[in-house]
Amino acid sequence: MDGAVGQESLATPGPKMLADIKPPFIPEDASGMTVLVEWPPGHPGTAPHRHSGPAFGYVIEGAVRFELEGEPERVIRAGETFWEPGGDVIHYQDGNALPDAPAKFVVFMLCEPGQPMLTFVGEEELAQRTHLRAPRPAAR
């Protein structure tokens, strides 16, 4: 679900296509929100949550551990992009994948009117949806 451009192409001046995503839905009358997220070394990130609309991100610095419901976790490094569809999909991880360096990313979200940008998912719902989560890595 993520698109990426190599670091070498970012050195050339001018616009660069970083990702071309067609989200499954855009909430009617959505509002846009751009957020800068900065995690110190080893920070676990935001607790499991979901967004009311699609989100598109770009890692500026470091590396982010990223996991959406139904997909294996992956590490997205500086210069790479990510996206998530929003809606019912749980976003399990967005923490710093590096124990010794900060991570920083920008995310643009389309939010459903009257709904919060982020809603935390409770333990009961996480337990009910365990079967939808990709297998966990054996060790890090």
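User: Where in the chain is confidence lowest, and where is it highest?
Analyst: This is a predicted model. Confidence is lowest in α1, with a mean of 52, and highest in strand β4, residues 63–68, at 97.

User: What about residues 1–7, how do they score on pLDDT?
Analyst: Over residues 1–7 the pLDDT is below 50. In the model this stretch has 22 contacts beyond near neighbours in sequence. Where pLDDT is low, the predicted coordinates should not be read in detail.

User: And what is the mean pLDDT of the chain?
Analyst: The mean for the chain is 88, and 90% of the residues reach 70 or more.

User: New topic: D29. Where is it placed?
Analyst: D29 sits in the loop between α1 (7–10) and β1 (31–39). Its phi is near 60°, which is a positive value in a residue other than glycine.

User: Is D29 buried or exposed, and why?
Analyst: D29 counts as exposed because its relative accessibility is 64%, and the cut-off for exposed is over 50%.

User: Now pockets. What volume does the largest pocket have?
Analyst: The volume of the largest pocket is about 150 Å³.

User: Which residues lie nearest its centre?
Analyst: V37, H51, D94, F105 and V107 do, out of 15 residues that line the largest pocket.

User: Which strands each supply at least two residues of that lining?
Analyst: β1, β6 (81–84) and β8 (103–111) each supply at least two.

User: How does the lining split by class?
Analyst: Nine residues of the lining are nonpolar, four are polar and two are charged.

Conventions. Residues numbered from 1 in each chain as written. Predicted model: local features only at pLDDT ≥ 70, side-chain atom pairs only at ≥ 80, totals over all residues. Heavy atoms only, no water. Helix = DSSP H or I, 4+ residues; strand = E, 2+ residues; numbered from the N terminus. Buried < 20%, exposed > 50% of the residue type's maximum accessible area, 1.4 Å probe, protein only. pLDDT = per-residue confidence, 0-100. Contact = heavy atoms within 4.5 Å. 1 Å grid on protein atoms, 1.4 Å probe; cavity = no way out; pocket = protein on both sides within 12 Å on 5 of 7 lines; lining within 4 Å. Points joined across faces, edges and corners; volume = space filled by probe spheres on them. Nonpolar A, V, L, I, M, F, W, Y, C, P; charged D, E, K, R; others polar.
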